Every structure is written in C-alpha cells, then in structure tokens.
Amino acid sequence: MSHLLITRQDRVLRLTLNRPNENNLLTEQLCRDLVSTLRDAGRDRTVGSVLIEAAGPMFCAGLDLEKGLLPEAAEITETHERLFTFGLHYHKPIVAAVQGPCLGAGVGLIANAHVVVAAQGTQFALTEIRHGFWPFTT
C-alpha cells in the first residue's frame, strides 16, 4: 500500500498522506515521494494546482522517529530542505486541507502551502523541541 495517494480531478492534483493507522507520520520514503511528486507536478502543464490532504482523523503527527528518520542525517537533510521549502518558488497554487492535529513536520509541510484550510477543532503544534530538535519550517 502506498503511503502517498496521488489522484487527479481535472487540473487539481490531490496528494493524500495515507498512513492513518500511524497518524500520517512522515517516513523517509513518504518525504521523498512528496518531493518527487511536487517536482513533477510543477513541470506538468496539465496540473493547475496541488491539494495536500490526509486520510484519517489526524493530518500529520510529524516525523516517524521510530523508523530512524532523524533530521540531522545528511541524506535526510537534503530531502527535508526540498520538502520544507518547495513553496518558496512553486509557481502553481498549493492548498492544504487540514483536519485534526497537525504536529511537528506536518506544520512544516503545510507552511509551504499558499492557502491552508483548517477544519474546526484542528490543532497545530511544533513539538520537535521535546525530542531535542529545533522546528524546521520556512
């Protein structure tokens, strides 16, 4: 099962975080898939906008630290830099639809969206400090 669902509806590319049983934690592979898909969508003239959403009651609980995904790893730092800064130079509208808690790296992800729509009761928090990390956001 893919942890990133990619669907098209007319000119809207929908990217759905699909790890609801793991609170949509960002694994190394999921981060790489997001970066690759966003890069390809930016080059595709048939894509007019990107919608980022998540399956389940939680948008994203941050990085999957149990899988060894640590921000100080050189290989991961490059992926994070690309993922958490893509919105700076992206020329297509990015919309994030957020429901439930959005924590840590999830906040970094949506910080790159041009528009964030949050459901009532949504919570945001930069919780990395509890693990000794400084929040990496744009």
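## Start with two strands

Select strand β2 (residues 12-17) and β3: they pair in the parallel sense over six bridges. Two strands pair if DSSP finds at least two bridges between them. Strands (E, at least two residues) and helices (H or I, at least four residues) are DSSP runs, numbered from the N terminus. Now pick Leu17; its bridge partner in β3 is Ala54.

A word on the model: it is predicted, local features need pLDDT of at least 70, side-chain atom pairs count only at pLDDT 80 or more, and totals for chains, interfaces and linings use all residues. Residues are numbered from 1 along each chain as its sequence is written, and side-chain values use heavy atoms, with hydrogens and water left out.

## Stop at Glu53

Stay in β3 (residues 49-54) and select Glu53. Is Glu53 buried or exposed? Glu53 is buried, at a relative accessible area of 16%. Buried means under 20% relative accessible area, exposed over 50%, and partly exposed in between (1.4 Å probe, protein chains only).

Show the side chain of Thr16 too. A polar contact of 2.9 Å joins it to the side chain of Glu53. Such a contact is a pair of N or O atoms within 3.5 Å; within protein, one must be able to donate a hydrogen and the other to accept it, and residues adjacent in sequence count only if both atoms are side-chain atoms.

Leave aside the neighbours of Glu53 within four places in sequence. Its contacts (heavy atoms within 4.5 Å) are then Arg14, Leu15, Thr16, Leu17, Phe59 and Ala97.

## Widen to the sheet

Select β1, β2, β3, β4 and β6. These five strands form an open sheet in the order β1-β2-β3-β4-β6, with mixed pairing. Look at the edges: β1 (4-9) and β6 (115-118) each have a single partner strand, so one side of each has no neighbour in the sheet.

Next, select helix α1 (residues 28-43). Its 16 residues reach 23 Å from first C-alpha to last, close to the 22 Å expected. That expected span is 1.5 Å times one less than the number of residues. Colour its buried residues, among them Leu30, Leu34 and Leu38.

## Zoom out

Show the whole chain. What secondary structure does it have? There are three helices and seven strands. Follow the sequence and the pattern reads β-β-α-β-α-β-β-α-β-β. Of the 138 residues, 47% count as buried.
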